[in-house]
Structure formats: structure tokens, C-alpha cells
Amino acid sequence: MSLQQFMNEAISPWMKDEGPDSDIVMSSRIRLARNFDQTPFPIIAENEDLEKILDFFNQEYHQQSFKNYHDLEFVRMSDLKPIEKRVLVEKHLISPHLAENGKLGGALISKSEQVSVMVNEEDHIRFQLYFPGFQLEEALAQAFDFDDWLEEKINYAFDETRGYLTSCPTNVGTGMRASVMMHLPALALTQKISRMIPAINQLGLVVRGIYGEGSEALGNIFQISNQITLGRSERDIVEDLRSVVNKLVEQERKARQLLIEQSELQLEDRIFRSYGVLEHSRIIESKETAICLSDVRLGIDVGFISNVSKTILNELLVVTQPGFLQHYAKKTLSPQDRDILRASLIRERLKLEK
């Protein structure tokens, strides 16, 4: 897998599969933060230290494979153009922080894009592993295995009392962020989600937008993750998150059923209006695109739309982002030019479905 393939393929191979509860839970992710022992953390490290870590990952892991994660490709942030970094962010392969601040950073990405290792972000190592649908336990088991594989060659910064040591105190302990990406349109339409978020926060979890901290919940897509990493085991954290997600899944299904029972015609009209906007628009902004894609996804899940696959919607969710549009055009585009190209790509892709 070459860097160009990461750039050109809008949808990651693992996203083509459906997992449990995939009508609501789009993906499950485990992210582990680790640091090299006896090496200054990235926030205070000298450039020489960071270069040594980059060289280590390039030499030890580039083109290597572990279990189902084949042909790991190592790329340096300094070798990427701004648009290329933005595309990797839009595909959730690297964080916005690494793209913006990681001059001496890098990424190790598997061929399936199911695993990506961010190097010299806030910590020396932040690796994440994705599964489709609601599969937190499986993701955690695989993350443990991958972590053990890395640790065969790396001595981690670890304290017997505090656990894994990290740049940010909120990650000390397990160093783990478990999260699920959820599509909650019915809870949003009925305005129940705004009342549920404070209750979720009180349970030690946090609700964010599609790109994590500081991002907006575009297209009714919410990321639910743990906040506490110290004093609890990884399995306890996952179990707490699993319990809350199960309740959200239950409430979203009830809200969908209620909308159909009380406002079926209005709901169907909203969904097909959004489908019409996507199918016929000549210019469309990213926020409107996200709303329309959310409505169409809901239409598929409740059985109103049968001629569009959710795989196509996952693809459009990425290909319509600013970075990918400019990569596709091979040039920098003004906001209006992006809106025109976005509409054109959506029309072309939906035509292929017919």
C-alpha cells in the first residue's frame, strides 16, 4: 500500500464491512498512548530525540506486518503536502494536532487502514485500531495484541503506581481512549440528544463531533468516549462505555419508531427532499451535505430508500471534505469552487447507483 493509495481511496477497506448495530454504531475505536522510557516526551524533546524515534519506526516497522495488519507504511509528516495531511485527517488516520504541529512527526498505517500509529504527536506513540459497528471488546483485544507486538522492541515509560506515563495527565494510567462513532439522527430531530449529553458527561464519558475534540457533530454523527484513564482497568472502561452505548442505541431506535408512528409522511418527505438535494444540486456546502447524507442514511435504515448503499454514503462523507476535494482537483480551490465540485461528485456517484 503506497501513500498515493491512501490518498486516492476515499473509503478505508475496513469500512466496507458491517458490524453489529451498524445502523446506529458506525465504528468502534481503541486508542492507546505510549512513550519511550528514558526519552523526553514530544512536548519538551529536542529535535534530535524526535528524529531518532522517526528513524526507529521507519527501520523497524516500515513494510512489516502483524497478524491481519499487513504492509505497514511509514510516512513522515515533513514529506507530505498540506492537502495530503488534511486528507489523512479526513480519513481519521491521523489527528488534526499531528497534521498541524507534527513537523517531526510520522504515521505508520496498515494496508487496510484499520490500524494507524501516530508518531511524535502529543506522545511518542498514539496508535488506534478501528472495527466496523459495535465491536469494542474485539477492538480492545486486538489493540492489546498490537501493543504487545510494539513492546517487543520498545521499553515503555511506565510507573508501577500510576501506570503508563503520558504528556497529558488525563491520559496517565491506561493511556486508553475507547470510543464509538454513532449516527443519532432521531435523537437529534426530537431534541433529546441535547438533554442526554450532560447525563453522559456525568458518567465520566464525553460526547464530541466526528473529528474528536473541538469538532462539531456534523450530520448527527457523535463520538462517545471515556474521560477517565487512571484508577480503572481497560476492560472496566470499555464495559462502562458499552453500557452507555447500548442505552443510546435503544433510545435512538425508540425515537426512530416514534417518528415513523407520529410523523411518517413528514419524515419521508424530509428524507427524499435531502436525497433530491444530493442528486440534483449544482452547488452545495459541506454542512448541508452532512445533513442530507444523514437524512439519506436514516432513510436507508428505516426502509424508505433501497437503491443506495451505506458504503456509498461513507465514501461521500470523506470525498466531499475540503482536503479530499482539493486532492481530487490537484489544486487549491476557493470555497465556492469546492462547493461546485462537491455537488458534481455527489451527482456522479449517485448516478452510478442507478
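1. In helix H11, Pro-322, Leu-325, Gln-326, Tyr-328 and Ala-329 are in contact (heavy atoms within 4.5 Å) with Arg-338, Leu-341, Arg-342 and Leu-345 of helix H12. The residues of this contact divide into 6 nonpolar, 1 polar and 2 charged, where Ala, Val, Leu, Ile, Met, Phe, Trp, Tyr, Cys and Pro count as nonpolar, Asp, Glu, Lys and Arg as charged, and the others, Gly among them, as polar.

2. This is a predicted model, in which local features need pLDDT of at least 70 and side-chain atom pairs count only at pLDDT 80 or more, while totals for chains, interfaces and linings use all residues. Residues are numbered from 1 along each chain as its sequence is written, and side-chain values use heavy atoms, with hydrogens and water left out.

3. The axes of H11 (residues 322-329) and H12 (residues 335-352) come within 10 Å and cross at roughly 85°, which makes H11 roughly perpendicular to H12, a term that covers angles of 65 to 115 degrees.

4. Elsewhere, Gln-128 lies in strand E5 (residues 125-132) and counts as buried because its relative accessibility is 3%. The side chain of Gln-128 makes a polar contact with the side chain of Arg-29 at 3.0 Å, such a contact being a pair of N or O atoms within 3.5 Å, one able to donate a hydrogen and the other to accept it within protein, with residues adjacent in sequence counted only if both atoms are side-chain atoms.

Conventions
Helix = DSSP H or I, 4+ residues; strand = E, 2+ residues; numbered from the N terminus. Buried < 20%, exposed > 50% of the residue type's maximum accessible area, 1.4 Å probe, protein only. Axes fitted to C-alpha atoms, helices over the stretch in contact; angles between N-to-C directions. Parallel < 35°, antiparallel > 145°, perpendicular 65-115°, else oblique.
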